[in-house]
Amino acid sequence: MSSARKRGQNSVFVTVGTTQFEKLTDYVCSSAVLKTLANLGYRKVVVQIGRGRDPLIDTVPGIEVEVYRLKPSITEDIRQASLVISHAGAGSCLETLAANKPLLVVINDDLMNNHQLELAYQLNKDGHLFYCTVSTLVDTLHSVDFSSLKPFPPGQPHKFGQFMDRLFNINN
Amino acid sequence: MLLLLTVVGFTVLLVICILCIVINLSANKRKGTASVLAVMGSGGHTKEMLSLLSGLGPHYRPRYYVIANTDTMSKQKVEEFEQQKNITENSKPEFSLVLIPRSREVAQSWGSTVLSTLYALFKSFPVVFSCNPDLILCNGPGTCVPICLAGLLLKILRLGRVQIVYVESICRVDTLSMSAWMLYYVADQMLVQWPSLQTKFPRTQYIGKLV
């Protein structure tokens, strides 16, 4: 709770990518989640709903909600957030981790065989993110300590370059 | 009937391509450089591919980018990438975009998918044959399967010495993608980005997290 306040940042970004995940987008706009977030010190929630229906937004004092569908890039919204709540999409997860922001992935139970879960589970195992389902979202927000997450090291494309140089006998 | 037409079509194409290559072969071989044919895909694939290409030095030229004709986003990203590369390497642009039909649009029926896949195959062969690259680099979009098959044919016919390098997406931790399954024995080098995946598929190599 206090970590959000300490840094003087207090907004949450919720993103579901180009798909729809109405169970999540509806739920984060409900008073149950908004009250939880307000209690944790957050003052603003930006919800990217993708192709889902427009959610009904409950009014909770002290927290402001902003909703939009899609943008060419979510980089700026991630940058401004102090917590990102995302679907398991690899793009959103990796972009959030690259920006070094605390990440909570919400798994869609309706898409359990989605291969994208592989990555979310592994990143959780390695301590880079937390995950939960829609029904455990509030409990998870209360119980986890986002400051315990480890940064995800950036990729090393130069290693690929070295590998290729050996393959082609190219000396730089 | 369809099969017969396809076979005849391919034979005609093959003859044309062989002619192209015989003409091109001598001009194409420069010492110390490697030409690259990179297969671009939608969003995540393109992002990973550009990250891989950023690791390659200035000797990898010219670069041919194969892009689905409906994919304006990748086209734009490639142009930005090349512009940046020119600035940092202080070099002349040596790349071209090759547009091919996409094998399957979302929500397309399976009947027409078969036809458009055949069509994509048909269009992929001349692309690979005329570029005759030293390296085919791909990371998973469906388009890369016909491209790699064309590369394999080049090698079988001893017309080119292309290396087919497949880099599995970082999303794949435990299982290979459909394209990787199909190209498991076609690719000369198959890189994965998680050690656990390498253990399961001994033909693959793990050299670190690349993207």
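**A guided look at chain A**

Visitor: In what order do the elements of chain A run from the N terminus on?
Guide: This is a predicted model, in which local features need pLDDT of at least 70, side-chain atom pairs count only at pLDDT 80 or more, and totals for chains, interfaces and linings use all residues. Residues are numbered from 1 along each chain as its sequence is written, and side-chain values use heavy atoms, with hydrogens and water left out. Helices (H or I, at least four residues) and strands (E, at least two) are DSSP runs, numbered from the N terminus. Read in this way, the elements of chain A follow the order α-β-α-α-β-β-α-β-α-β-α-β-α-α.

Visitor: Which strands of chain A stand at the edges of the sheet?
Guide: Two strands pair if DSSP finds at least two bridges between them, and in chain A 6 strands form an open sheet with parallel pairing in the order 3-2-1-4-5-6. Each edge strand has a single partner strand, so one side of it is left without a neighbour in the sheet, and the strands in this position are strand 3 (64-68) and strand 6 (130-133).

Visitor: What percentage of the residues in chain A is buried?
Guide: A residue is buried under 20% relative accessible area, exposed over 50%, and partly exposed in between, with a 1.4 Å probe and protein chains only. Of the 172 residues in chain A, the buried ones make up 50%.

Conventions: Chains lettered and ligands numbered in written order.
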